[in-house]
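The entries follow the order in which I looked things up.

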Amino acid sequence: MRPVETSSDSGGLGRNRETATLVLLSFAMLIVSLDQYIVVVALPDIAGDLGYSAQTLQSVISAYAVASAGFLLFGGRAADLLGRRRVLATGLALYAGAAFAGGFATGPEVLLAARAFQGLGGALVFPTTLALINTTFDEGRPRNRALGIWGGAGAAGLVIGVLLGGLLTQLFGWEAVFFVNVALAGPALLLAFVVIPRDGEREKGRTFDLPGALSISLGVTLIVFALVQGPGSGWLSPVILVSAMVGVLLVGAFAVVERRSSDPLMPPRLFSNPNLITGVVIAFMFMATFGSVLYFLSLYFQEILGYDALRTGVGFLLPTAVVVAGSTVAGRLVTRFGLRRTLCAALAVGALGAVALGLVIAPDGTYAELVPGLVALGVGDGVVFTTMFIAAATGVPDRQQGIASGIASTGSGVGAAVGLAVLVLVSTAGLDGLSGEELRTATADGIRTTLFVAAGGIALTFLFALSRCPAPPEPVPAPVPYQTRRC
């Protein structure tokens with residue numbers, strides 16, 4: 001493990017600094033991750049109190065996803081240039097403040113704004129925690145172990161969010177799913193100044209590339225907005241068409257800006273790293289499939305099985321435990337068996353789990369019938385989440401870990417938006433005009449079809465990983481800068 005930077009504000013942590021840093025960063029990742037779905041089981045109560053319609057209720061989730069996905073690259077670049085402790089602290093402060101405002105929201109507009117600012121805070125925290133992990137621990141066994149713990153916290157957060165949301169909503173009301181973030185992010189913010197070394201001086205000659213950062217952030221935000229809102233608003237509605245076209249134009253402008261920049265936001269050499277590209281594609285597909293399944297399982301528990309918010313949360317206890325276990329051991333599996341074998345095995349198990357779930361989804365189904373599929377899907381979920389970020393960090397210089405983390409996390413954020421938009425279309429096809437038992441039966445059929453589609457997406461990801469991650473090459477005597485080892 002590389003020597004840890006010392007500073008006057010070490011706080012007397014000494015040799016325990018690496019452990020303390022890993023715990024803090026994993027906790028920060030858990031906070032950001034759980035908030036993607038913590039409001040899912042609280043949505044019916046939010047709709048009743050704040051006046052959301054069935055068509056607009058999904059915006060409570062999408063407001064976070066849109067803001068987060070659009071500014072992940074910005075957050076990664078800011079971490080590299082402005083200092084990782086500064087950016088982490090800023091993100092946590094923004095996160096806590098937005099959650100506080102959300103808990104006191106009295107109308108849809110205030111709540112959506114709070115969710116959007118939470119997403120922005122998450123866009124600063126997510127890539128910064130990943131960059132700090134990758135620069136604190138050496139590539140190989142130490143980093144794989146650290147990313148296993150960090151990934152376990154992140155993957156578990158997606159499921160814990162549903163569990164905690166159900167418990168808090170049942171006991172204290174929907175406002176509690178926001179106030180809990182204040183209680184979590186506040187202490188993490190204070191500990192960041194104790195545990196993480198002070199940021200050094202900015203590297204001379206490096207610029208923020210503000211035109212590039214703004215164009216790509218706004219471009220991705222508008223594209224994700226169009227993808228998320230398209231199913232509800234109509235793909236040919238003026239708002240969706242304009243958002244998509246302007247977003248594409250801004251992404252094109254970003255490409256032009258990058259070619260002319262002396263210090264581009266995304267250095268071209270990063271894209272010659274096969275591991276980073278593999279990690280980004282798998283992150284996109286992971287969130288489009290595994291990540292979206294949680295949403296539909298929650299609907300199944302509540303709308304088909306008739307669970308209340310608390311019982312829905314309890315229903316996620318089993319997959320939570322499996323996801324945490326899978327993510328935690330993933331680093332060791334990569335160290336022992338390599339990226340390709342670990343990824344492919346986990347994707348295969350996850351695909352089988354999605355199929356198993358689809359086969360037992362029914363209007364008269366039971367939780368016990370779901371258990372085998374939940375376990376298999378949880379294993380794949382946990383292992384893939386950690387492994388895809390190990391791949392994305394391999395061979396990236398320390399000074400570019402922030403932007404590389406931003407690229408990988410942007411892939412996951414956009415994947416979440418695209419996956420949910422596509423799968424919502426699949427699950428709701430043919431529901432118009434139905435009511436009562438007919439609607440309940442058709443909803444179960446739609447969720448079953450959705451799980452089969454998700455299984456197909458996971459299978460495609462398996463084929464990509466199998467072809468993209470070749471066996472390690474023979475060692476070379478003198479690697480040149482930026483040369484990367486394949487998976």
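I took axes as lines fitted to C-alpha atoms, for helices over the stretch in contact, with angles from 0 to 180 degrees between N-to-C directions. Helices are DSSP runs (H or I, at least four residues), numbered from the N terminus. The model is predicted, so local features need pLDDT of at least 70 and side-chain atom pairs 80 or more, while totals for chains, interfaces and linings use all residues. Residues are numbered from 1 along each chain as its sequence is written, and side-chain values use heavy atoms, without hydrogens and water.

Entry 1: helix pair. I looked up α6 (residues 141-172) and α12 (residues 317-337); their axes come within 7 Å and cross at roughly 165°. The two are therefore roughly antiparallel (an angle over 145 degrees). I noted contacts (heavy atoms within 4.5 Å): among the residues involved are Gly148, Gly151 and Gly152 of α6 and Ser327, Thr328 and Gly331 of α12.

Entry 2: helix α9. I checked the length of α9 (residues 238-260): at 1.5 Å a residue, its 23 residues should span 33 Å, and the end C-alpha atoms are 33 Å apart, which agrees. The expected span is 1.5 Å times one less than the number of residues. Ile240, Ser243, Gly247, Phe254 and Glu258 of α9 are buried (under 20% relative accessible area, 1.4 Å probe, protein chains only).

Entry 3: valine 224. I found valine 224 in helix α8 (residues 210-233); it is buried, with a relative accessible area of 1%. Leaving aside neighbours within four places in sequence, valine 224 contacts Ala65, Val66, Ala69, Val414 and Ala417. Alanine 65 lies 159 residues from valine 224 in sequence and 8.2 Å from it in space, C-alpha to C-alpha.

Conventions: Angles under 35 degrees count as roughly parallel, over 145 as roughly antiparallel, 65 to 115 as roughly perpendicular and the rest as oblique. Buried means under 20% relative accessible area, exposed over 50%, partly exposed in between (1.4 Å probe, protein chains only).
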